Structure formats: C-alpha cells, structure tokens
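Open the model in your viewer and keep the selection tool ready. This tour goes stop by stop, with something to select at each one.

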Amino acid sequence: MITACLKPRGLKPGVRAWSSGAHVRSFGALVLILLAGSLLLPAGAGAQSLMNAGGLGLLNDPLDARSRALGSVGIGLEGWYMLATDPSAAAGLNLPSVTGTFQPSTSRVDGGARAGGTRFPTLGVSYPFGRHVFVLQFGSFLDQEWEVRTERTLNLSGQEVEAVDQFESVGGIGQARLGWATRVGEDLAVGLNVGSYTGAMERRFVRQLDPGTVGAGVEPFLNQGRWRASGLTVAAGATWQPSALVRVAASVEQAGDLTLDPVTPTPGPEKSYPMPLTLRAGGTVTLASDLRLSTGFARADWSGVDEALGGDAARDVAWGYGGGVEWVGSTILGRTAPIRLGYRHQDLPFHFQGEPATESAFSAGLSVNLADTETMPVARIEYSLERGTRDAGVFSEEYWRSTLSIRLAGG
Amino acid sequence: MGACTDQVPTFDDGAAIPVDAETVEVLIPFSEFGRDFQAFGGFASQADLGRLFVAHEYRGDFDARTLVRIGAFPVSISVFPEGESSTVPDSAYVPLGGNLVIRMDTTRLVPDEAVELAAGQMEAGEWDIRTAKWNLAVDTLGGVVQWDEPGGGPTRSLGSAMWDPQEADTLVIPVDSATANQWRDADESVDRSVRVESRSPGHLLGINSVEFRGHFQSSVNPDTVVTVVRGSVGTTFIYTPEPGVTQEEIRIGGAPARRAYFRVELPDRFEEGSAACELLPTCPMELTRDRVVYAGLVMQTRPVEPPAFEPLDTLRMDVRPALAADRIPRSPLGTSVQPTPRTFPPGVFAEEGSTRVEVPMTRYIQDLLGRPEDPLGPGQEDEERPSTVALFSPAEPSGFQFGSLFGPGTEKEPFLRLILTITDGVELP
C-alpha cells in the first residue's frame with residue numbers, strides 16, 4: 001500500500017505554472033474551465049465518500065486521467081498504455097516506461113459536511129523484451145476510510161453521563177499485479193496479469209466519557225483490530241484493431257477470495273469474501289482525422305460477497321458503462337494537446353444504508369503530449385476533472401475528482 | 001491505495017457504528033478486592049514540621065508544649081578597651097541575664113483573648129529532638145528514656161508573660177543572670193533546654209521561633225554591655241494524648257505521620273452471585289484491562305478522635321504503590337496512582353456527618369489487570385505490578401492533625417468504583 005498525504009493545494013501551483021507558461025489558442029476557454037475547476041477543489045480531497053462505509057468499501061477502479069476524462073471503464077482506448085483493467089493494452093509499449101496517477105478529490109453530502117483525501121490509483125512500470133512486454137502495476141481497489149462520531153447520554157446507575165463514541169475505519173485494499181502482453185500479428189494483441197490483494201483494514205472504536213461527570217482520570221475505551229488483505233486475482237484480455245479506424249478490446253478478470261487475516265493480537269479468525277468475475281469490453285472509433293469516440297461497459301458478479309456479508313449488503317450484478325470523445329487537433333506550443341469529454345455510470349457493488357448505490361459523473365480532460373514517437377507517447381501529462389454524484393435511496397452526495405497522470409518512456 | 005485522513009468522511013449517526021457497546025458502573029466491596037490492611041504511625045517527626053505548638057486543655061484534654069535548645073554562647077565577645085579604637089576579644093565576659101523572645105504564629109492560630117505562656121529551664125538531662133514525646137525523652141530503637149515527669153520532665157521556672165495578639169506578635173520572658181551564666185558554662189545544648197507551655201485553657205497557639213537575647217558585660221571594659229542573640233539549635237513539640245493508629249480506621253497525616261497500606265487483589269472475573277454481577281449485562285464476565293475505563297477508590301470520612309486533632313488546614317492525601325511489599329512500612333513508594341493528590345478541605349473531618357471522597361486510580365488498576373494490547377504495535381513483555389498501595393499525606397509531616405476515614409470492616413468501608421465498557425470487539429463487516 002502506498003500512502004500519501006498531499007493536499008490538492010500542493011498540486012495547484014504546478015497546474016498554474018503549466019497554465020501561465022502556455023499560449024492558449026482556440027481551446028483556451030476550456031483550459032481555463034479545467035483549471036478553475038481544479039482550483040475550486042478544497043484543500044484535502046479524496047475518493048473519499050461516506051459510501052466508503054458500505055460493505056467492504058467504495059470501489060475505486062485503478063484508472064488513469066485519460067480513462068477518467070473519457071468516461072471509460074478502463075478498456076479499449078486508442079493507443080498503448082498500462083491499465084490493469086486492460087491487460088493487452090501494454091503490448092505496444094516498445095520502450096521501457098513508467099506511469100503514475102495522482103488523484104485528489106472531494107465529496108459533499110447534500111447539506112452535509114465535506115470530506116476529502118488523495119489517492120494514487122495506479123502506478124506502473126513496463127519493460128519490453130523482444131515482442132513481449134512485462135508490466136508491474138499497483139492499483140487501487142476498495143477505499144475504506146470513514147468514521148462515525150456521535151455524542152450519547154449514558155445512564156450509569158441512575159446518573160446521566162455524556163459520552164462521545166467514535167468509530168474509525170482506516171486503510172484500503174489495493175492490488176499488485178505482474179503482467180505480460182504481446183502482439184499477435186499486426187491487428188491483435190493479448191495480455192495476462194496475475195496479482196494479489198494488498199493493504200490492510202484497521203477498525204477502531206473509542207468511547208470517551210465526560211470526566212466532569214465520571215471523575216478525573218477516566219480513560220477512553222478503545223477496541224481496535226487490524227486485518228491484512230490477501231487473495232489472488234487473474235485477468236486476461238485481447239485487443240483487436242480490424243482497421244485503422246476501429247479498435248476493440250475485452251478482458252475478463254477472475255478473482256479468488258479476498259481474505260482478511262487478523263494481525264496479532266487482533267482476535268478472531270480470518271474471513272474471506274468471494275470477489276467477482278468481471279467482464280469488460282470497449283472500443284474506440286475514429287470519427288474524423290482528429291476526433292475519436294470511445295465507449296465501453298463492465299459487468300461484475302458480486303453475488304458471492306453479498307452472501308458473505310449476510311445478504312442485502314451487495315448487488316448481485318454491478319454494471320458500469322461510459323463513453324467519451326477525444327479531440328486531438330488542439331496544440332500547445334506546437335505539442336499535441338488532446339481535449340476529452342466523457343460520462344460514466346457505475347453500479348457500486350455494496351449497498352449503503354441498505355440501499356443499492358450508484359455513481360455517475362461527467363468528465364473533461366486535457367493532455368499534453370510532450371514527446372511522442374511514431375507509435376507511442378514518450379512523455380505525456382494528462383489531467384481530468386469529474387463532477388459526479390453518488391446515490392443510494394434518499395442519500396446523495398456530490399463529488400469533484402481530479403486526476404493527474406504522468407507517462408514517461410525511454411530507452 | 002494511499003489516502004489522506006485530514007477530511008475523513010464522517011457520520012454523526014450513532015446507528016452507523018458497527019459496535020454494540022455497553023458502559024456500566026460496578027461497585028466492588030473492600031472484601032472482594034482489598035487484602036492485608038495495615039495502619040502504621042511514626043513516619044517523620046514533629047521536629048521536621050518547622051512549626052511549634054503550645055496548648056492547654058484544647059478541645060478537651062489536649063496539651064502541647066514546645067521544647068527548645070538554645071545555641072551555645074560565644075567563646076568571646078569583641079569590645080573596645082577604654083581609649084582604644086580597635087576591638088579585642090573578651091572571653092571573660094559576664095552574662096548579666098537576658099530575654100527569651102518568643103515569636104508567635106499570628107496567621108493561622110490567633111486567640112481571641114490574651115493568653116499566658118510560661119517558660120522553664122528543663123532539668124531532664126538527655127532528650128532527643130527527633131523522637132521526644134509526651135512520655136518519652138528518647139524513643140529510639142534500644143534506647144527508650146522516659147521523662148522524669150510526663151510532658152518534658154521537671155523544669156525550673158524562668159517566668160511567664162501574657163500575650164495579647166491584638167498588641168504584639170512577640171512574647172518576652174526575662175532570664176536571670178544565674179540562668180544565663182549556667183547556659184554559658186554548659187558544654188551541651190541539652191543543658192540550655194527551655195520548655196514553653198500555655199497556661200490558658202482552651203487555646204491552641206503556634207510559635208514561629210524562640211531565641212535568647214543575652215546581655216553580656218565586658219571584663220575588659222566593664223562599662224560595655226553587649227547584646228548577643230542566640231537562636232535555637234533544635235526545636236520540637238510534644239503533646240498528649242497520642243491517638244496512634246487503629247486497624248479499623250484509615251488515618252492520614254499527623255506528626256509523626258500515619259499511613260495505611262493494603263493489597264489490591266482484583267478478581268479475574270465477576271462470578272454469579274457477586275455484588276458486581278447484579279450490575280453487569282452478562283455474568284460471569286472477565287475483568288480485563290481494556291474494559292476498565294475508570295477506577296476510583298471510594299472512602300468515607302469520619303470525625304477525628306480526639307477532636308483536637310481535626311485538621312484546621314487543607315489536608316492532602318496521596319496513593320502510591322509500595323515497591324517492596326516485604327519491607328512495609330518502610331517500603332519505598334512508586335509514583336502516584338492519581339493525577340493529583342486528593343485534597344480535603346478543613347471541616348470534612350468534623351464531628352458532624354461523613355463525606356464521600358474518591359481517589360481516581362484508573363491507570364493503576366488497568367496496569368494490575370495487564371499491559372495494554374496494541375494490535376498495531378509490537379508485543380510487549382508482561383511484568384508484575386506492585387499490588388500494595390499506601391495511603392498517606394504527600395507532605396509528612398504537614399501538621400500534628402490528621403484525617404480519618406472509615407476502614408475495612410466498618411459500616412462505611414472503602415469500595416472500588418469501576419466503570420466498564422463491554423463490547424464484543426471490533427469485527428469485520
């Protein structure tokens with residue numbers, strides 16, 4: 001697990017500097033909109049959501065900024081890239097490359113408090129060897145950071161005592177994957193990755209009684225536990241490019257049980273949760289020389305984990321779909337600077353307060369291709385900004401999520 | 001992957017907490033947790049107090065007397081021979097007499113009328129400043145010596161004087177030349193011992209200091225009289241009656257000071273039928289460290305007997321573990337089990353009523369139940385905690401008065417108040 005505590009304001013100066021040095025042209029207005037959106041993000045952000053409290057946490061796919069901007073489910077985008085959800089997409093990375101994604105975001109419940117934090121949803125390294133490309137990736141999976149803080153009045157032998165109860169869930173589940181991809185002929189690429197769940201879940205309950213009523217020296221009650229995540233996951237996929245204008249891809253991911261082992265001295269046995277079989281498919285169509293349309297969908301069967309959670313805690317099947325357009329005709333200082341717009345809808349696997357939950361967002365993004373070879377980017381900065389909602393019954397929260405990815409390649 | 005925690009999503013709905021916690025108060029009688037109660041006296045000496053007292057029939061039959069040893073006279077005095085401008089030592093000076101100057105405590109103990117004090121030259125011979133008591137001149141191991149008469153032995157009167165607190169803070173009693181000469185010739189300070197006593201019944205008086213102001217005539221220049229001040233080289237006070245200690249009572253403070261010791265032996269679990277079980281949600285139930293969020297030793301004050309020993313000032317009480325139980329009452333003590341010493345304001349030990357006092361000792365009780373378990377940290381080796389505690393005044397002595405609390409086996413014996421929080425633990429979803 002990689003933990004960071006970077007506030008969005010740490011990001012903004014870099015974004016502003018990038019902006020101030022740019023001679024904006026026809027897309028200037030959009031750039032300003034994107035930057036303004038970024039600046040509006042409050043300090044401290046996150047894929048943080050109250051829905052982190054549902055089931056095993058909030059699903060946070062390991063996507064980069066381009067995928068987010070295009071509303072993608074993480075498959076079938078144009079070009080070659082590293083995404084754990086699209087194992088064959090790395091087959092064309094014929095230079096060693098690294099990619100990292102930084103994702104601050106914030107959410108606000110209707111009329112409620114704001115929450116935020118920062119994620120690194122995906123980090124990857126690829127290395128080509130002959131026709132083969134090997135990939136090491138770390139990605140996000142489930143966010144579990146949330147807490148409850150409430151005041152109670154207890155009755156102790158007839159005396160009313162004020163108390164503050166606090167429950168904290170800390171940590172999250174990630175994935176580490178080792179992948180392989182290769183091109184089969186000119187039109188087809190295949191890929192495979194195997195991985196393991198990583199990370200840990202910490203849960204803590206604290207009750208503090210009012211010392212003014214009970215007496216000096218009252219100590220907080222503390223119960224806590226820590227569980228380490230493990231479990232195997234395997235994904236395979238293929239990308240087919242039947243023509244220069246069309247690209248389609250599909251993948252299937254079979255995960256074993258997610259096992260949470262108590263870390264000594266946390267009592268109790270380990271617990272296992274069946275993870276879903278996930279199918280993803282998507283594609284990109286070139287509509288014009290500088291305009292592309294991408295779309296895709298994902299289907300995951302979570303019925304097994306629902307049973308493990310006692311029923312009525314998770315969906316049987318969670319669908320996700322989305323799409324977007326990418327205009328690659330714009331430039332900055334002579335460099336290609338694609339602009340993207342997208343929309344995505346995702347069924348969240350875990351119910352929240354007994355209600356099925358969904359997440360949907362409109363997105364926009366901008367990229368600067370600092371250096372490209374004929375077939376792949378060498379240095380690229382990508383940025384996306386999403387404005388979305390998460391709903392579960394009457395509960396609704398809005399969120400802003402910005403994502404910044406950097407891709408570097410060289411030999 | 002990683003996450004900041006500066007703005008964690010936070011609910012305020014307690015129903016979202018996936019932990020069922022119950023907090024209860026449990027009262028454990030002394031008989032279920034206290035063992036080997038012992039009361040002791042004799043800690044420190046009234047000579048360490050730094051304050052002196054005299055009393056006559058105060059609040060009944062309480063008498064107190066102050067004993068003072070005057071410092072040695074100078075070997076010589078410096079005088080100017082007639083017609084000369086430089087001094088010479090004069091070791092053949094002649095004491096003409098002097099005054100015993102007694103400075104009274106006018107801040108704490110002020111009588112509402114004039115009182116009579118008397119001073120006398122003690123004729124007892126050997127007596128020990130640190131161990132002298134009303135009946136004993138010396139009270140050391142293997143060397144007990146009784147006064148010829150209780151209360152400091154026989155004296156030769158030096159005189160008496162009335163002290164009116166409205167007029168002065170000092171009392172002066174003349175000392176004749178015979179006594180002054182005797183003091184000059186005395187080799188030991190014990191032979192310059194003075195006893196000060198009160199002759200006015202019903203008053204407790206404080207004395208800050210006693211000194212002798214001697215008038216010495218020069219043998220070199222007989223016209224010269226030099227006044228020399230000799231302070232005390234040792235002071236104490238003795239009193240009667242001496243209440244001592246009882247095993248049914250917790251007495252704190254006094255001079256010499258009193259302490260109470262007992263061993264804390266907590267039950268491993270609350271069994272059905274125990275008093276505590278009636279207050280618990282389930283029984284039997286293990287008593288574990290993590291469940292104890294508060295522990296307090298609850299006691300009831302009782303009137304001090306004899307009433308002359310009722311504290312007139314704030315009395316403090318501390319509770320500390322005895323680090324070497326086999327060396328009680330001389331065991332070294334550990335750090336206090338409570339955040340700050342418990343204070344008793346004047347009046348709680350008066351004749352009327354009884355006051356409940358509680359000494360918080362949560363950390364100590366938790367430590368007796370085991371070391372904390374930190375699931376996020378490395379394992380820690382267990383070590384035995386001293387289970388015997390001492391109840392005492394942190395300043396020994398702080399006054400001859402003491403505090404009194406009901407002891408074990410009495411109608412208002414101490415009990416342990418525990419507040420427990422009970423859960424089934426934090427579990428996975």
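This is a predicted model: local features need pLDDT of at least 70, side-chain atom pairs count only at pLDDT 80 or more; totals for chains, interfaces and linings use all residues.

**Stop 1: a glutamine in a loop**

Select A:Gln353. A:Gln353 sits in the loop between strand S19 (339-352) and strand S20 (355-372) of chain A. Check its backbone: phi is near 50 degrees, a positive value in a residue other than glycine. Most residues other than glycine have a negative phi.

**Stop 2**

Now go to B:Arg59. B:Arg59 also is not a glycine, yet its phi is positive, about 45 degrees. Its loop runs between strand S4 (52-58) and strand S5 (62-70) of chain B. Is B:Arg59 buried, exposed or partly exposed? It counts as partly exposed, because it has 14 C-beta neighbours inside 10 Å.

**Stop 3: two cis prolines**

Most peptide bonds are trans. Select A:Thr264 and A:Pro265: the cis bond between them has an omega of about 5 degrees. A:Pro265 belongs to the loop between strand S12 (257-262) and strand S13 (271-274) of chain A. Then select B:Ile328 and B:Pro329, joined by a cis bond with omega of about 15 degrees. B:Pro329 lies in the loop between strand S23 (315-321) and strand S24 (342-344) of chain B.

**Stop 4**

Pick A:Leu291, in strand S15 (residues 291-301) of chain A. A:Leu291 is partly exposed, with 13 other C-beta atoms within 10 Å. Which residues does A:Leu291 touch, leaving aside neighbours within four places in sequence? A:Val325 and A:Trp327. A:Ala314 is 23 residues from A:Leu291 in sequence and 39 Å away in space, C-alpha to C-alpha.

**Stop 5: the hairpin of chain A**

Select strand S7 (residues 159-184) and strand S8 (residues 188-209) of chain A. The two pair in the antiparallel sense over 22 bridges. Find A:Trp180; its bridge partner in S8(A) is A:Leu192. S7(A) and S8(A) make a hairpin with 3 residues between them. In that turn, A:Gly185 has a positive phi of about 75 degrees.

Stay on S8(A) and look at its other pairings.

- Strand S10 (residues 232-243) of chain A pairs with S8(A), antiparallel, over 9 bridges. A:Gly191 has A:Gly237 as its bridge partner in S10(A).
- Strand S9 (residues 221-230) of chain A pairs with S8(A), antiparallel, over 8 bridges. A:Arg207 has A:Phe221 as its bridge partner in S9(A).

**Stop 6: where the chains meet**

Show both chains. 40 residues of chain B are in contact with 67 residues of chain A. On the side of chain B that touches chain A, strands S1 (10-11), S2 (22-29), S22 (292-300), S25 (356-360) and S28 (415-422) each supply at least two residues. S22(B) gives the largest share, 3 residues. That side of chain B divides into 20 nonpolar, 12 polar and 8 charged residues.

Next, select S1(B) with strand S6 (residues 146-156) of chain A. 2 bridges join them, and the strands run parallel. A:Val148 has B:Phe11 as its bridge partner in S1(B).

**Stop 7: an open sheet in chain B**

Select S2, S28, S22 and S25 of chain B. These 4 strands form an open sheet in the order S2-S28-S22-S25, with antiparallel pairing. S2 and S25 are the edge strands, each pairing on one side only. Neighbouring strands here are turned by 25 degrees against each other on average, direction ignored. S22(B) and S28(B) pair over 6 bridges. Within that pair, B:Leu418 in S28(B) is the bridge partner of B:Ala295.

**Stop 8: chain B as a whole**

Zoom out. Chain B has 2 helices and 28 strands. Color its two domains: domain 1 (19-44 + 243-373 + 386-422) and domain 2 (62-240). Their C-alpha centres lie 44 Å apart. The C-alpha atoms of chain B fill a box of roughly 105 × 55 × 45 Å along the principal axes. Buried residues make up 40% of chain B.

Key
Residues are numbered from 1 along each chain as its sequence is written. Chains are lettered from A and ligands numbered from 1 in the order in which they are written. Two residues are in contact if their C-beta atoms, placed from the backbone, lie within 7 Å. Ala, Val, Leu, Ile, Met, Phe, Trp, Tyr, Cys and Pro count as nonpolar, Asp, Glu, Lys and Arg as charged, and the others, Gly among them, as polar. Two strands pair if DSSP finds at least two bridges between them. Axes are lines fitted to C-alpha atoms, for helices over the stretch in contact, and angles run from 0 to 180 degrees between N-to-C directions. Domain bounds come from an automatic or database domain assignment. A residue is buried if 20 or more other C-beta atoms lie within 10 Å of its own, exposed if 12 or fewer, and partly exposed in between; C-beta atoms are placed from the backbone.
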